[in-house]
Amino acid sequence: MKKPLLKLLQVFAFLSTLIFFGCGAEETASNNLEAINYLNEIRKNTGMIEYTTNNSLDQSAYNHSRYLGNNNLITHDEISGYNYFTGTTPSDRAVYAGYNSRSVGENIATASSEKESIDNLFTAIYHRIGFLSFIYNEIGFGQYDNIYTYNMGNSGYAHLCENNNDTSGQYYYNICADLHKKVPRDDYNSVKNSMYNSNPDVVVFPYDHATDIPPVFYEESPDPLPNHSMSGNPVSIHLNPKLGDSITLNSLTLRESSTNTLISNSFVMKKANDPNEKFTLRDYALFPYERLDWGTTYTANATYTIDGNSHSKNWSFTTRNFSEQIIEIDKSTSSLTVDSGTTYVYYIKTNKRVSSTSYSYDTDEPEISRIDTNTFYITLTGSSGQKCKFVMDDMVFDVVIS
């Protein structure tokens, strides 16, 4: 008897719905700090200052998640006349919710939990840059059904916009809720420089000694690798704007730590070759063209020059692991043996997504659930010698009960 493999619709729906803007059951504007605490844990481990929460940004983030959920959309722009419209842009929506500054960033993801939404956003390089911005120090979070919106802002800018200011000298405008409000240039620059000085000179991700890092990147909008539907989780280094623009990246490499094997099939992205022009002169990322392995430690190295002075940074991280045994399957795999009733992680090791799956069996009904596009939990129960034949794209293999 042949049955189709369990289909989990939109297991990685976030792959096409991660979007970044820089400059169920319904939930209210989040009073649950689980998401922010987890995000702050990551920022703390990178050496950055932690976010404080802001009620107006909470409200604007929730308002947008509610708009997206009720209109079945994933976008940063809202359309007047649609249900729950509160403003065309993230800045407009923040102002509508009572935020004083228009300097607002936004990340959006669909996911099954706060943690998953943040992990997904950090795997996507442009969203990662948003969360690791050197200028934001406060955040709002709003969830509606499975849609998670994060609005980032700067409390110093908001404070400048709230107060009356002396505008007898040079000033900026178009940065406050009141577009005509003038903010003294020196005050604005003082806030900006204070933020830069509060953060480290260099930030890397995955951060040094990080664990539980997802090994794969798929796609985001805009897409940094438009010709690749799947790659390894990018490794990035970000230099503080206070270091200036006289920066040259000399090398950025990644090695599998236990064997010191260079991940040579890779691409280093920087401002000059960023297809979407989201990188600054201080952002660099290495994309392995093949996904990283589960439960593996990698070592990264960057060498760069600032104002003619050479610098080097080494760091390491470990990808996500499982308590269950991982079985790697490639085109050479024809048969393997497992214990009855034991759950294994089956990893289909190919540089493309597994899109077609089926199986036939004389065991009990296999228990199957999908971890990602190429990784499955599978449990077979039966007598010795019974087997299940799997067909996953062009890979065909038997799993025999010992």
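Some ground rules come first. Residues are numbered from 1 along each chain as its sequence is written, and side-chain values use heavy atoms, with hydrogens and water left out. Since the model is predicted, local features need pLDDT of at least 70 and side-chain atom pairs count only at pLDDT 80 or more, while totals for chains, interfaces and linings use all residues.

Let's begin with charge. Side chains of opposite charge can pair when their charged atoms come close. The structure holds 17 salt bridges (a salt bridge is a side-chain nitrogen of Lys or Arg within 4 Å of a carboxyl oxygen of Asp or Glu). One of them joins Arg-102 and Asp-92, at 3.1 Å from N to O. Arg-102 sits in the loop between helix H3 (90–96) and strand E4 (105–110), and Asp-92 sits in helix H3, so this pair ties together parts that are 10 residues apart in sequence. Those labels are DSSP runs numbered from the N terminus: helices are H or I with at least four residues, strands are E with at least two.

How hidden are these two? Arg-102 is buried at 16% relative accessible area, while Asp-92 is partly exposed at 28%. (Buried means under 20% relative accessible area, exposed over 50%, and partly exposed in between, using a 1.4 Å probe and protein chains only.)

Another salt bridge brings Lys-242 and Asp-201 together, again with 3.1 Å from N to O. Lys-242 lies in the loop between strand E13 (235–239) and strand E14 (247–256), and Asp-201 in the loop between helix H7 (185–198) and strand E9 (202–205), so the pair ties together parts that are 41 residues apart in sequence. Lys-242 is partly exposed, at 36%, and Asp-201 is partly exposed too, at 37%.

Now look at Asp-372 and Arg-291, whose closest N and O atoms are 2.8 Å apart in a salt bridge. This pair links distant parts of the chain, 81 residues apart: Asp-372 is in strand E24 (residues 367–372), and Arg-291 is in the loop between strand E17 (283–288) and strand E18 (297–306). Asp-372 is buried at 2% relative accessibility, and Arg-291 is buried at 7%. Salt bridges can also share partners, and that is how Lys-115, Asp-119, Asp-212 and Arg-320 end up in one network.

Asp-372 also leads us into a sheet. Four strands form an open sheet in the order E20-E22-E25-E24, with mixed pairing (two strands pair if DSSP finds at least two bridges between them). At the edges are strand E20 (326–329) and E24, each pairing on one side only. E24 runs antiparallel to strand E25 (residues 375–379), with five bridges between them, and Thr-375 in E25 is the bridge partner of Asp-372.

Ile-327 has Tyr-346 in E22 as its bridge partner.

Finally, there is an open sheet of five strands, ordered E10-E19-E18-E14-E15, and its pairing is mixed as well. Strand E10 (210–213) and strand E15 (261–262) stand at the edges with a single partner strand each, so one side of each has no neighbour in the sheet. E10 runs parallel to strand E19 (residues 309–319), joined by two bridges, and Ile-213 stands opposite Thr-319 in E19.
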